Amino acid sequence: GLIFYDTKVTVMNRVLNATVQRTADHAAPEITLDPLEIVGGEIRSSENSYFCQAARQLSCVPSSQLCVKLASGGDPTYAFNIRFTGEEVHGTSGSFRHFLWQVCKELQSSSLSLLLLCPSSAVNKNKGKYILTPSPITYAEEQLFHFFGQLLGIAIRADVPLPLDLLPSFWKTLVGEPLDPDVDLQEADILTYNYVKKFENINDETELEALCAEIASQHLATESPDCPNKPCCKFTYLTMTGEEVELCPRGRHIPVGWENKDVYATAIRSLRMRELQTPECMTAVRAGLGSIIPLQLLTTLTPLEMELRTCGLPYINLEFLKAHTMYQVGLMETDQHIEFFWSALEMFTQEELCKFIKFACNQERIPFTCPCKDGGPDTAHVPPYPMKIAPPDGAAGM
């Protein structure tokens, strides 16, 4: 926290360029994706998704071949080339950026099960934010999490921000920062947070009985074995994926009473914190990320800085975009129709600007920082590589 973000990025970029493993005399790996597997934007099976198609093909490619120099200039080097079946595309940048955009859509949809919409979304808190799905994983799922980690590293080297909306708890765990049992639980699952707080703040047995009656009305409690008409809670709770689990051995047979209510609340909190940390899944993600970039770099970054470096900002800074736009064939920023163009963009909503960036640059977000600093002398790196404005092709007036 004592080092400026720009300084960290400068050091990070130097390290990334010093750890390049695929040299210019090695051809880039190439994968072939079949767009017909996704008809009408719907994925009939996760196996057909771009994510899984790419994961299968790249599993045979040594990770060293994906460690390329930082993308720069108008024709950057990317980790791999993409060919779409039945389509003739000139250049590699557009296909690569479209691929990253598409897999982010897949990851944040029901077609893949790697990410889970955080429970707080159900009550409009952190709406649209995701976490790693907290459940035991198979070997095949472990490989997919590994590939997900590789994609994070590949996007960092390509400097193409991923349009992923992940909770801060993901980035905290990724960089090795401990989670806050209050703040992170409230962000991820505010209903459980409030539920736990109710038990922690009870002052007497009458309040406990009233709380159990309230929970019973929501079908979350059962009757006490000692008093058949008296509702009580048991040492069980629902996981984030909706499965009822015991909070301790024989938890289904242990009622919650005045003497153990705090133990019950602590057990629920511990369950949620384990789910947010998802050790098995995160280990696979970190292993994938570490095969592309040195994990030691993460020790200098805060969770927010790691998110900014990987995903950029979820909104478009027009001044930043304007400073990194190239004009071709005699066009100038002071031309009247160019000024009209920027005036029109200033009236766009953020949603419309994201759609415009997707149309113009095949990505929804632009990098957060750039070495050329608002159009300075170092223009070797011009995100989004770059946006170019040129006269129309053909005869004048057509």
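1. Ala213 lies in helix α8 (residues 205–217); helices (H or I, at least four residues) and strands (E, at least two) are DSSP runs, numbered from the N terminus. With a relative accessibility of 37%, Ala213 counts as partly exposed. The cut-offs are under 20% relative accessible area for buried, over 50% for exposed, and partly exposed in between (1.4 Å probe, protein chains only). Cys233 is 20 residues away from Ala213 along the chain, and their C-alpha atoms are 9.3 Å apart.

2. On the basis of the coordinates: this is a predicted model, in which local features need pLDDT of at least 70 and side-chain atom pairs count only at pLDDT 80 or more, while totals for chains, interfaces and linings use all residues. Residues are numbered from 1 along each chain as its sequence is written, and side-chain values use heavy atoms, with hydrogens and water left out.

3. The protein chain holds 14 helices and twelve strands. Of its 398 residues, 47% count as buried. Contact means heavy atoms within 4.5 Å. Among contacts between residues at least 6 apart in sequence, 67% join residues at least 24 apart.

4. Helix α1 (residues 5–18) has 14 residues and spans 20 Å from its first C-alpha to its last, close to the expected 20 Å at 1.5 Å a residue; the expected span is 1.5 Å times one less than the number of residues. Its buried residues are Tyr5, Lys8, Val9, Met12, Asn13 and Leu16. Seen down the axis of α1, these fall within an arc of 135°, so they line one face of the helix; the arc is that of the directions from the helix axis to the C-beta atoms. The face turned away from the buried side carries the exposed residues Arg14 and Ala18.

5. What do the buried residues of α1 pack against? Their partners are α4 (139–158) and α11 (303–311). Thr310 is found in α11 and is buried, with a relative accessible area of 1%. Apart from neighbours within four places in sequence, Thr310 is in contact with Leu152, Ile156, Val160, Pro161, Leu162 and Trp171.

6. The axes of helix α7 (residues 190–200) and helix α9 (residues 261–277) come within 8 Å and cross at roughly 160°. Axes are lines fitted to C-alpha atoms, for helices over the stretch in contact, and angles run from 0 to 180 degrees between N-to-C directions. That makes α7 roughly antiparallel to α9, a label for angles over 145 degrees. Among the residues making the contact are Tyr195 and Phe199 of α7 and Tyr264 and Ile268 of α9.

Terms used: Parallel < 35°, antiparallel > 145°, perpendicular 65-115°, else oblique.
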